[in-house]
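Keep the viewer open as you read.

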Amino acid sequence: MKNIFLMAINTIKEVKRHKIFYALGSVVIFIVGAGVILGPLSLSEQTRLSINFSFTACHIGLIVIAVYFASTLISHEIERKTIITLFTKPISRMQFIIGKFLGLSFILLLALLFLTLFVVFIYMIYRQPVGAILFIALWGIFLEALILLAIAFFFSSFTSSFLVLVYSVLVFIIGHSANSIIFFLGKGEGDSFFKLLVSIVTRVFPNFEKLNWRAQALYQDSLVAGELLSCSIYSFSWIIFLLIITGLLFKRKQIG
C-alpha cells in the first residue's frame, strides 16, 4: 500500500509540472465566454445556453486531462527508461498501474473542484438555484473521466501513445452513441448480421450516456437515488475490470 501511495504522489508531482490548470482555465474561460456571447442570440434561452456551455467546459476539460496524461505518462516512463529504475525497487507492475491511476484520479478530482467553482459561478450570475442535481451531473462527468482514464491505461499497456489517443477517442464516441445506434438499428430493416455486430460492439464498450445527467441539471429535474447508485456501481465495475486487465497485460510487457 505504501508503494502505491508513493507512486500516486510521484504522479501528482509529475503532472503539476505540466501547468495543466493554466491550460484548463483557458479552455473553461473560452467555452464559458462563448456561451455568454452566443446567449443573446437565443433570447430567452441565454441562461440555459450559458449553463450548458459551462457543463461542456467541465466535460471537455476532464476528458482531455484523463486521456492525454494516461496516454503519455506511462509511455514516457518507458521511453526514458525510468520505469526500469522503479522496478528495481520493491514495487510490482500492478502497484505501478494502480499508483499512477490514483495519482491521476486525484488530479481529476482537483480539476473537478476547480471546474465546479466555475459552474456554480455561472449559476449565481443567472440567479439559478444550486441544487443537488448540479453536483450529481458533475459527478457523472467525473465518473466518465475515470472510466476513460482506465481505458487509456488499458491501451497504454500494449500500444503507442498516439494510438492510445485514437482508441480512447473512438471509445468515447461509441460510448456516447450506443443508445442512438441501437435505437436506429431497431427502426431500420438493414442486414441482420450487421445489426447483430453493431449491437455487440455497442454493448461491449461502456455506455457513457448512463452518466449523462446534464439535462436534468439544466432543467432542474430530479434523479432517482437508485439510478445514481446503480450507475456509480456500473462505473467502478468498469474501472476495476480495466485496471485488472491492464495489470495482467503490463506484467507480460517487455520493458528495456
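A residue is called exposed when its relative accessible area is over 50%, buried when that area is under 20%, and partly exposed in between. Bear in mind that what you're looking at is a predicted model.

Start with lysine 2, which belongs to helix α1. Its relative accessibility is 63%, so lysine 2 counts as exposed. Now look for isoleucine 91: along the chain it is 89 residues away from lysine 2, yet the two C-alpha atoms are 9.6 Å apart in space.

From there, go inside. The largest nonpolar core holds 62 residues, and Phe55, Leu108 and Leu149 are the ones touching the most other members. Several elements give two or more residues to this core, namely α1 (2-16), α3 (46-79), α5, α6, α7 (161-187), α9 (214-218) and α10. Which of them gives the largest share? That would be α6, with 18 residues.

Helix α6 covers residues 132-156, and its 25 residues reach 36 Å from first C-alpha to last, close to the 36 Å expected at 1.5 Å a residue. Because 21 of those 25 residues are buried, α6 is largely enclosed by the rest of the structure.

Setting aside neighbours within four places in sequence, phenylalanine 55 is in contact with Val119, Tyr123, Leu134, Ala137, Leu138, Ile141, Arg214 and Ala217.

As for disulfides, the structure holds zero.

Next comes α5, which spans residues 93-125. At 1.5 Å a residue its 33 residues should span 48 Å, and that agrees with the 48 Å between its end C-alpha atoms. After α5 you reach arginine 127, which has a positive phi, near 55 degrees.

Now for the rings. A pair of aromatic rings is described by the distance of the centres and the angle of the planes. With ring centres required to lie within 6.5 Å, the count comes to 12 aromatic pairs. One of them joins phenylalanine 114 and phenylalanine 118, with 5.2 Å between the centres and 70 degrees between the planes, an edge-to-face arrangement. Both residues lie in α5, four residues apart, or about one turn of the helix. Are they buried, exposed or partly exposed? Phenylalanine 114 has 27% relative accessibility, so it counts as partly exposed, and phenylalanine 118, at 25%, is partly exposed as well.

Compare that with tryptophan 238 and phenylalanine 241, whose ring centres are 6.2 Å apart with planes at 80 degrees, so this pair is edge-to-face. The two residues sit three apart in helix α10 (residues 225-252), which means about one helical turn separates them. Here tryptophan 238 is buried at 17%, while phenylalanine 241 is partly exposed at 46%.

Rings can also link up beyond a pair: Phe154, Phe155, Phe158 and Tyr167 are joined into a cluster by ring pairs.

How values were computed
Residues numbered from 1 in each chain as written. Predicted model: local features only at pLDDT ≥ 70, side-chain atom pairs only at ≥ 80, totals over all residues. Heavy atoms only, no water. Phe/Tyr/Trp six-rings, centres within 6.5 Å; stacked < 30°, edge-to-face > 60°. Buried < 20%, exposed > 50% of the residue type's maximum accessible area, 1.4 Å probe, protein only. Expected span 1.5 Å × (residues − 1). Core = buried A, V, L, I, M, F, W, Y, C linked by side-chain atoms within 4.5 Å. Contact = heavy atoms within 4.5 Å. Disulfide = S-S within 2.5 Å.
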